[in-house]
Amino acid sequence: MSLLNVEGISKHFGGLAAVSRVDLQVSEGEVVGLIGPNGAGKTTLFNLLSGALKPNAGSIRFRGEDITGLKPHQICRKGLARTFQSVKVFGAMPASQNVLAGAIFGNPSQTSLKQAGEEVARQLEFVGLTAQADVPARDLTLANQKRLEMARALATKPALLLVDELMAGLNPTEVAQAMELVAEVRKRGTTVFIIEHVMKAIMNICDRIIVLHHGEKLAEGTPQEIATSRTVVEVYLGE
Amino acid sequence: MRTGSLSWNQLRTPAVWGVLLVAAVTLTLYASTYSVILITNILLYVILTVSWVLFSAPTGYISLATAAFFGVGIYTSAILGDQLPLPLVILTAAVASFGLAAIVGALTLRLKGVYFCFFTFGLVELIKHVLLWYEVSVTGLRGRFVVSADHITVYYIILAILAVLLLTSYLIRRSRVGLALRSIGESEEAAAHAGINVSAVKTMVFALSAVFVAAAGAAMARRWGYVDPYIAFDYLYSFTAVAMAVFGGVSRFAGPIVGAVAFAYLRELLITRFPYIYMLVMGLVLVVTILFLPQGLIELATKAPWRRLRGPREPA
């Protein structure tokens, strides 16, 4: 069943078409990758899906419901969470409070503060930050800040998680751990839509890959199909 | 070491608040008229400062609208003073100010940083001049006489407003709204994507903080007897609230209170003792404080030498 259904979505900044007439589907249980050269419109597309930007045209349906033009907090509460390309943790606040914000405000079925506290403990354990629960988020390493963002997003109990460059700036060990984390997220029943530049990672963890170029969908297919596609190779390596 | 009974550390804060409350409530029994008036003034500044901190400290939105809300309170009292009993006048001022702040907040809280700061400053001047124009060209009044109240009544009203304000801001700090405000201050974008209704939270708390300022204005006008738009909408109240908060430190609950009390008392002392150089000394004290205690006076409470001897406080 299609969880996310995007039809003909476009976003212009002045004369520049950042995203242009893109159609895409994400089905429940998948890990879908989104790749493309710098400036291809990947993050803009995520901003449209999560409500940070309003599209000029097109529609977004999530769980069968039209969410086009809704505000970010409304979209989050409907079960579509995200992380950020440049980490946006709540720096002065302890790690646990970062996650608590997601658990309290992002999950409409959350009833008590006690439940929220249990959820925080669960998510911190899941991303491996239990020992750092009381550490201010800004004092964590970059890899851990990215994990914390993940925990905050997961605490909202999303059906779909948009992950924007989880691995950028991480060392090889941390990249391997991040890949494991994404696989675990999927195993727990959350569908993942991920932007990534680390090719080894994206080829390994994705069921399907979508390629954006100049704001348009250039190709779509399994990792093998994408890796051997002539058009994709031309875009990345030049003709 | 923890024992079954309550330790002094756990009891200290409630004990201090209890003593302060009893001293404040019984003040008029033992204090001179001058002291009551002085302390009323000091408590007024605590109200302005704590109200400012309630919204601006966690969110990082620097508001200079304090004087606008204060003026709304003063003029409500001036216009309705002879028609309604005082509690109703204060209530009306609070509601009017809440409405004004909610409208202004909804319109302008998308402005960030210095733009929001300038807008709120402009609001004070805008209301002042609209009122001035209205008074001169419609009612023909330059200023207004306010029904007066005795200083003891005003003292108790100010004390009551302060008590409600302190309770409100204490509860907000510990509540979900406090968590939302701090998240917004750290990253508005991430807060929205974590499910926080950013504009609603900001607007509501901004409006709530205006309520206490206007209520205090409505009460204080009773002591002044005469007001005009320049007296009521004096932007110095806006700057003073910010200065007192920074002077005391906003990182802890008691910081702004200590800041406002110390600042207001020091000013009173200097004006009466050294009327010619008081501004100079005041400026010096502020500069030295910011240089050596960037977190405000409240830093003394954590840095003091006797603290170091006793070792770190047990985590709560």
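Reader: Which helices of chain B cover the buried residues of H13(B)?
Author: This is a predicted model. H13(B) spans residues 255-273. Its buried residues include Gly255(B), Pro256(B), Phe263(B) and Arg267(B). What covers the buried residues of H13(B) includes H3, H12 and H14 of chain B.

Reader: How far does H13(B) reach from its first C-alpha to its last?
Author: H13(B) has 19 residues. At 1.5 Å a residue, the expected span is 27 Å. The model comes close to that, with a reach of 27 Å.

Reader: Do H3(B) and H10(B) count as roughly parallel or roughly antiparallel, and why?
Author: The axes of H3(B) and H10(B) are 9 Å apart. The angle between these helices is about 170°. Angles over 145 degrees count as roughly antiparallel. Therefore H3(B) and H10(B) are roughly antiparallel.

Reader: How many nonpolar residues does the contact of H3(B) with H10(B) have?
Author: On the H3(B) side, Leu44(B), Ile47(B) and Phe55(B) are among the residues that meet H10(B). The H10(B) side includes Val205(B), Phe206(B) and Met220(B). By class, the contact has 3 polar residues, 1 charged and 11 nonpolar.

Reader: Which element gives the largest share of the side of chain B that touches chain A?
Author: The contact takes 22 residues from chain A and 17 from chain B. On the chain B side, the elements giving two or more residues are H8(B), residues 176-186, and H9(B), residues 188-193. By class, that side divides into 8 nonpolar, 5 polar and 4 charged residues. The largest share, 6 residues, comes from H8(B).

Reader: What is the bridge partner of Ser10(A) in S4(A)?
Author: S1(A) covers residues 2-13, and S4(A) covers residues 57-62. The two run antiparallel. In S4(A), the partner of Ser10(A) is Ala57(A).

Reader: Why is one side of S6(A) and of S10(A) left without a neighbour in the sheet?
Author: The open sheet of 6 strands has the order S6-S7-S8-S3-S9-S10 in chain A, with mixed pairing. Its twist averages 20° from one strand to the next. One side of S6(A) and of S10(A) is left without a neighbour because each stands at an edge, with a single partner strand.

Reader: Which residue of S8(A) stands opposite Leu162(A)?
Author: S7(A), residues 160-164, and S8(A), residues 191-195, run parallel. They are joined by 5 bridges. Opposite Leu162(A) stands Phe193(A).

Conventions:
Residues are numbered from 1 along each chain as its sequence is written. Chains are lettered from A and ligands numbered from 1 in the order in which they are written. This is a predicted model: local features need pLDDT of at least 70, side-chain atom pairs count only at pLDDT 80 or more; totals for chains, interfaces and linings use all residues. Helices (H or I, at least four residues) and strands (E, at least two) are DSSP runs, numbered from the N terminus. The expected span of a helix is 1.5 Å times one less than its number of residues. A residue is buried if 20 or more other C-beta atoms lie within 10 Å of its own, exposed if 12 or fewer, and partly exposed in between; C-beta atoms are placed from the backbone. Two residues are in contact if their C-beta atoms, placed from the backbone, lie within 7 Å. Two strands pair if DSSP finds at least two bridges between them. Ala, Val, Leu, Ile, Met, Phe, Trp, Tyr, Cys and Pro count as nonpolar, Asp, Glu, Lys and Arg as charged, and the others, Gly among them, as polar. Axes are lines fitted to C-alpha atoms, for helices over the stretch in contact, and angles run from 0 to 180 degrees between N-to-C directions. Angles under 35 degrees count as roughly parallel, over 145 as roughly antiparallel, 65 to 115 as roughly perpendicular and the rest as oblique.
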